[in-house]
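Please look at the sequence and the model shown here. A short report follows them.

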Amino acid sequence: MTHLPYVIAAYAVFVLVLGSDAIGSWLRLRWARRLAQRRQQRLQARAAAGSAPPLAPELTR
């Protein structure tokens with residue numbers, strides 16, 4: 001009996017694990033980019049709101 005089916009199965013498992021790792025890394029990178037973009041937008045909104053003069057001194061407390 002030959003070992004060829006076992007070798008093919010081992011390579012198939014290797015390719016599946018490698019592919020799932022690549023997809024997981026891509027999803028984590030995508031998620032991190034979205035978080036960074038949201039954080040940047042919040043900081044820009046704060047900077048724009050902070051540069052406007054306050055409406056009344058009572059509102060700043």
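Predicted model: local features only at pLDDT ≥ 70, side-chain atom pairs only at ≥ 80, totals over all residues.

Residues are numbered from 1 along each chain as its sequence is written, and side-chain values use heavy atoms, without hydrogens and water.

The protein has 1 helix and 0 strands; helices (H or I, at least four residues) and strands (E, at least two) are DSSP runs, numbered from the N terminus. Of its 61 residues, 0% count as buried, where buried means under 20% relative accessible area, exposed over 50% and partly exposed in between (1.4 Å probe, protein chains only). The accessible surface is about 6,000 Å², and 67% of this belongs to carbon and sulfur atoms. Such areas come from the Shrake-Rupley method with a 1.4 Å probe, and for residues only the protein chains shown count as cover.

A nonpolar surface patch includes Val15 and has about 740 Å² of accessible area together. A positive surface patch includes Arg34. Like charges are joined within 9 Å, nonpolar side chains (Val, Leu, Ile, Met, Phe, Trp, Tyr) within 5 Å. Lys and Arg count as positive, with the charge placed at NZ of Lys or CZ of Arg.

| Residue | Relative accessibility | Class |
|---|---|---|
| Val15 | 54% | exposed |
| Arg34 | 44% | partly exposed |

Note on methods. Patch = residues over 30% accessible without salt bridge, like charges linked within 9 Å, V, L, I, M, F, W, Y side chains within 5 Å. Salt bridge = Lys/Arg side-chain N within 4 Å of Asp/Glu carboxyl O.
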